[in-house]
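My notebook is open, and I want to look up a few things here before I forget them. I'll start with strands and then move on to cores and contacts.

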Amino acid sequence: MKKLVFVTVVFAAACGLSTPNRLTADDQSPGNATAHRVQITEGPQLESASDNSAIIRWTADRVKGTSLRYGVVHYGTDLHGLSQTAKSPNRWNGALPAMVYRVQINHLKPGTTYFYRVESVDAKDISEGPESAVSQFTTPAAGERIVNFTQPE
Amino acid sequence: MIALSPTDRTHAQQAYDEFGQAIAAYEIGSEVSSFTSKFDAFLAGTATLTAAEMSGYNLFRGKANCNTCHLDGRSNTQAAGETDNGMATNAAPMFTDFTYNNIGLPMNLALPWYSENHPDQFGFTANPAGVAFIDLGVGLFLDSYYGSPPPDLDWVPLTPFFVGKFQTSTLRNVGQVPPAPPTGYPAGVFVKAFMHNGYLLSLNEVVHFYNTRDKFAFPVLSGHCPAGTVEKVTCWPMPEEQDNKNMTIGNLGLTSAEENDLVAFMETLTDGFVPITPASLSKPAVMGKAALPPSHQ
């Protein structure tokens, strides 16, 4: 059971944290029979944001292979021009069936709405799954902070 | 800081290099790495972990994701028909994967290094940048250091991939504390420091940092946490280096009790639970010279 704990919310009501998350049709395509594809099972969603940074998180399964992977977030202020990329290293715990990807985005502007989609790549920078649908978040005003955390029970 | 002539400083640097090599040679010996901890005894079936230690072990290889870098030798659950390409081992686990990571540790401004930005009597300035100095870890090594040449020009392009990264330490003996008097220290006198810059001063602080680094992140330097917060409790100053920051950690959702259980587990990794004997010093086999290929002996 998961419970959403809103630890700290600053101007959250005005932020439009995210849109419903959907997988692209690419997730259902057979693709390369030999290529391994992870599947996004939760998120992506905004975990937290300051006036100049944000953390996006999502959960994927069907993970296997190397321990080191990278979460990748393509983002921008133009829905049709996600021209910027943030990439963070994440480690897969081979003892667990799924893994959480978290990516930190820096150098954002306060009070600004950003659109984004996510994917993950392996240690060799090869895409290992579908890109998510486009979601959005809005950074808080200068000096403010949003914490949006899903606490497992 | 000790004032030294350029010649003496060169000699001192050579001596420090040799210190490091000597310490490494000692650490690889069986006197240090005796593999006689309670956890080793547990793996051998001759000891039982307490409820807190067992809970910590399960968190270590589960929710807390510690074993993604601090390999416990037990982490592979590939499905039937899949190939095991992990780091499975039949020897005592080392609790490190020997890789390099940026865990987003804040600067430790208590280090004298940051105030050594003035020339000594010989005109040598140890840290011209003062508090602006950023320890880039392996990146600093690859890209040269205060005017010294890079160790290998071919490595310089790799620098962006290594800035902020330091080697994953083994957790064996991480909870070891010095003996009490008369041979050791009175309680409270010896302060153990953790991480490359000694910012964290207890295993509890270490686990709390991994658990809440991003939850209590503030864009401040150490000593400047906002009113109403407590540094290392409800405020973590900003990372010394953001690039390459490992995001496996930072918001693990551990309770205080779970943090304590993880500490209890790590304290089982201290050698000496099983009396050290000549037989115990022979383990693990893979550490012995004979286990290495001829080219490495």
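First, a term I need: two strands pair if DSSP finds at least two bridges between them. I also remind myself that this is a predicted model.

**Entry 1: a hairpin in chain A.** I looked up β2(A) and strand β3 (residues 54–61) of chain A, and they pair in the antiparallel sense over seven bridges. The two form a hairpin, with three residues between them. I picked one bridge to find on screen: A:Ser48 has A:Ile55 in β3(A) as its partner.

**Entry 2: an open sheet.** Next I traced four strands of chain A that form an open sheet, in the order β5-β4-β7-β8, with antiparallel pairing. The edge strands are β5 and β8 (135–138) of chain A, each pairing on one side only. From one strand to the next, the twist averages 35°. A reminder to myself: strands of a sheet pair through backbone hydrogen bonds, either parallel or antiparallel. Inside this sheet I looked at strand β4 (residues 68–76) and strand β7 (residues 113–122) of chain A, which run antiparallel and are joined by eight bridges. A:Val73 has A:Val118 in β7(A) as its bridge partner.

**Entry 3: where the chains touch.** How many residues does each chain bring to the contact? I noted 24 residues from chain A and 23 residues from chain B. On the chain A side, the elements giving two or more residues are β2 (39–50), β5 (84–91), β6 (98–105) and β9 (145–152). That side divides into nine nonpolar, 11 polar and four charged residues.

Entry 4: Chain B has six helices and two strands, and along the sequence the pattern reads α-α-α-β-α-β-α-α. Of its 297 residues, 29% count as buried. Then I went for the largest nonpolar core, which has 31 residues; B:Phe60, B:Ala64, B:Leu262 and B:Met266 have the most contacts inside it. The elements giving two or more residues to this core are α3 (51–60), α5 (203–212) and α6 (256–266) of chain B. Another core lies apart from it, with 28 residues, among them A:Val73, A:Met99, A:Tyr116 and B:Met247.

Terms used. Residues numbered from 1 in each chain as written. Chains lettered and ligands numbered in written order. Predicted model: local features only at pLDDT ≥ 70, side-chain atom pairs only at ≥ 80, totals over all residues. Contact = placed C-beta atoms within 7 Å. Nonpolar A, V, L, I, M, F, W, Y, C, P; charged D, E, K, R; others polar. Core = buried A, V, L, I, M, F, W, Y, C linked by C-beta atoms within 7 Å. Buried ≥ 20, exposed ≤ 12 C-beta atoms within 10 Å, placed from the backbone. Axes fitted to C-alpha atoms, helices over the stretch in contact; angles between N-to-C directions.
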